[in-house]
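Reader: I'm new to this one. Could you walk me through how to read it?
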Amino acid sequence: MRKLLGVIIILIFSPQVLAQIKIPIAPDSLFPTYYHQRVSLFKSLPHSSADIIFLGNSITDGAEWAELFNDIRIKNRGISGDITHGVIHRLDEVAKKKPAKVFLLIGTNDLARGLPVDSVVQNILWICKYLKQETPATQLFVQSILPVNDELKKFPTHTNKGEQIKSVNEKLRISATDSYYTFVDLHTAFANEKGKLDLRYTNDGLHLTGEGYLLWKHLIYHRVYGLQEKPSLIPLPQQLQWKAGRFPLYQLTSIVIENSALQKEAERLQQSLSVRNISVGINKNISGLNILLKLGKVEAPNQTEEAYSLSITEKEIVVTANSPHGVSNGIRTLLQLMRDSTMIDTCEITDWPAFAWRGYMVDVGRNFQPVGLLKQQIEVMAKYKLNVFHLHLTEDIAWRLEVKRYPQLTAPESMLRNKGMYYAEADIKELIAYCKERHITFVPEIDMPGHSAAFTRAMKTSMQSDSGIAIVKNILKEICSTYDVPYIHIGADEVRITNRNFVPEVTAYIESLGKKVIGWQPGGNFTNNTIRQLWMDDKAHLSANGNIQFIDSRHLYLNHLDPLEAVTTIFNRKIGNKEEGDKTLLGGTICLWNDRAAANENDILRMNPVYPSMLAFAERAWQGGGQAGWIANIDDGDKKAFVNFENRLLDNKLQYFYNKPFAYVRQSNSQWKLYGPYNNGGDVTKAFEPEREQWKESSTKMVKQVTGATIVLRHWWAPLIKGALDNPTENTTWYATTTIWSEEEATKDFWIGFNNISRSPATDSPPQNGWDHKGSAVWVNGKLISPPAWKRPGQKGNADIPLIDEGYEYRTPTKIQLQKGFNTVVLKIPVGSFKGKDWQNPVKWMFTFVEVN
């Protein structure tokens, strides 16, 4: 055996082999019966490109990996007693299946047999090079050999190799970059203060007990699933300090509460733990490893009611807050820290929100959403500590709130869409209760006197008439007496006020019923007690009335935002132009106005960047800060902070949104070179040098380098929002270039777009055989990429014809054949006039190009 291993080492360094290495032939008789039993089983099992393979000896063989991770993609390819050459001999079985990832741990038995350290290392490097050659897209992780412990007097030829193991590990660490693998240090975490295998994790000094495998799972969990090393908390706490050590969730004894006021919080935590297969009771006082929930003083500069502290040690978890709401916030953070449901890294957190009002609004007047779908969104809100759910219930299209005194309001004949679909009293009470359980304030909006055509159809009178006001008051009395809500939103925007008494009279009536009033600004002739929700930049009006409270929703309409732009602009946003809330600035609300008809309720979430935006807003509204002005592109904001947030955002997408629409992919690593401007004289089809076959990029001066997968060259609301071009000019053509690396020749999926159509105006569909109406084009490696075969090419915009494939985020991605190595991408982005043919068709001078999985 040792002679054959030496042959392998020679093969590694043979010049003839470096170009194409092959597995050396060895007789099967060299390997034991169990080895052949396992290999024959491996060959007979099904496989997929999503497989995650654990490859090694008895230490790998000893785990039930799929059960440990609760993931059938994870496959055990460990063989007890195996050595590096045994892995090499069976490596084809792994390579041919082209798994997504391979976790290799091998070498202990080689050292026990007397193989020199360098030989063990070279054999492992050979394995890595072969896998890279045969399956280049597979991610390879070489795990350090675990420490051993000779104190138990077992496996003496193995447990006396502690120093050699350290030497192998150090050489593997140093060789990682050049040998195309990621080195994973398990040794440090498994070693005691003497550098030996900690007896908490072994009963023979070599192999692992159950606790050892749980630690192993915790240490590599983020690598198995492509996550950040530490849990990706959103929103990021104001103060967070990681400590050395881990709390073992699998040993959790109980949830302890010192105050019965926290019973509901304890029960919700208990339910959340149960989902993770952790069953514990709730007690007043019990010894053991507990989670303690308690009320106590937590210092915070503002929003003290929601502040909390979270202390996690190896022996106890303590959530302390000034109120049950604060305890709930602490629990939300704690649950995010439990990502592997096995252990939690110890830490100390003190946290509070920058803004008291962190809202999300849904328009169900134009497009009805069932209660279950609304609850899904509310649950996500709660997870990320948003605390105001604003439901826009009435519109010109339809009145969706049951009013028992006036059933004609919700009669099918009074509705233009989703006829007969509305919320009964029981539905609204159910939503209010669902929100209250999660410390979310429910805000119903009854739009008046504008957006009230449905009211007029049903009641045969205008709201602003004397009879209309009387009906409105009856409606408000029923709503205020029926529902336990602190606010009534009356809308009052986008309307010609014909009765100057309407808004003040209705406001006074609502206030007499014990409710606070909110209205849209710019909007009606509100009283100073009315909280204003900004939808346009009308701060000047508020500044003249310094005591007016307001909520910021400017440029926070998700229906107008490209998915990738949405995260960029919301993350960088300075809410209300202030670092944090104060007595006038309550906070902000992101809004979902899908004015255009949707084919079904799920399209509302599929065609709008709801969940990515919700997380970006949760981060900003909790953290405070942000950048002055409104930002469309990554380079104009805090790029370093954005990259950090994007990493956490994508972790949350992977962990919690696998069965929900989440239109976002990494874009901070996309770099584009811009060339232009070329004067096209109004002819957007005119060709210029960069699209000619003989063009060499080095021969043309680059004007600017920009970052992102969606780049807005000139924003359609310029100059209010800055685009990537400093001096955009009509009738010009620009080109953008980048390169994409591919580990192998393959067909990949891409999002490509040049006009992300808002879900509000009645915008025309793209033309046949064109990406857009501006003549945009794409080349990859010199090959022109055809636009989609649109289902409704050239369809004139119609608010009642749903979008179907016009947006890159909800149509089938474009498939592009890539070559191995670098691939060159050239985009043509021309523009004619900046004035669209009408307000329904604004000129969006932008592009999106990014690979998607």
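**Reading the sheet, the cores and the confidence**

Author: Let's start with a pair of residues: Trp751 stands opposite Val850 in β32. Keep in mind that this is a predicted model.

Reader: Which strand pairs with β32 over 5 bridges, and in which sense?

Author: The general idea goes like this: strands of a sheet pair through backbone hydrogen bonds, either parallel or antiparallel. Here, strand β27 (residues 746-753) pairs with strand β32 (residues 845-852), and the sense is antiparallel.

Reader: What is the order of the strands in the open sheet?

Author: Its 4 strands run β24-β32-β27-β30, with antiparallel pairing. At the edges sit β24 (710-714) and β30 (814-818), each pairing on one side only. On average, neighbouring strands of this sheet are turned by 25 degrees against each other, direction ignored.

Reader: Now the inside. Which residues touch the most other members of the largest nonpolar core?

Author: To read a core, look for buried nonpolar residues joined through side-chain atoms. The largest one here has 99 residues, and Tyr360, Phe389, Leu391, Trp399 and Met614 touch the most other members. Helix α24 (residues 610-623) gives the largest share of this core, 8 residues. A second, separate core has 35 residues, including Val94, Ile106, Tyr130 and Leu140.

Reader: What does Phe389 touch, leaving out residues up to four places away in sequence?

Author: Among them are Tyr360, Leu374, Met381, Cys435 and Phe442.

Reader: And where does pLDDT stay under 50?

Author: Over residues 1-18, for which the model has 30 contacts beyond four places in sequence. For the chain, the mean pLDDT is 95, and 97% of the residues reach 70 or more.

Methods
Residues numbered from 1 in each chain as written. Predicted model: local features only at pLDDT ≥ 70, side-chain atom pairs only at ≥ 80, totals over all residues. Heavy atoms only, no water. pLDDT = per-residue confidence, 0-100. Contact = heavy atoms within 4.5 Å. Core = buried A, V, L, I, M, F, W, Y, C linked by side-chain atoms within 4.5 Å. Buried < 20%, exposed > 50% of the residue type's maximum accessible area, 1.4 Å probe, protein only. Helix = DSSP H or I, 4+ residues; strand = E, 2+ residues; numbered from the N terminus. Pairing = 2+ DSSP bridges. Axes fitted to C-alpha atoms, helices over the stretch in contact; angles between N-to-C directions.
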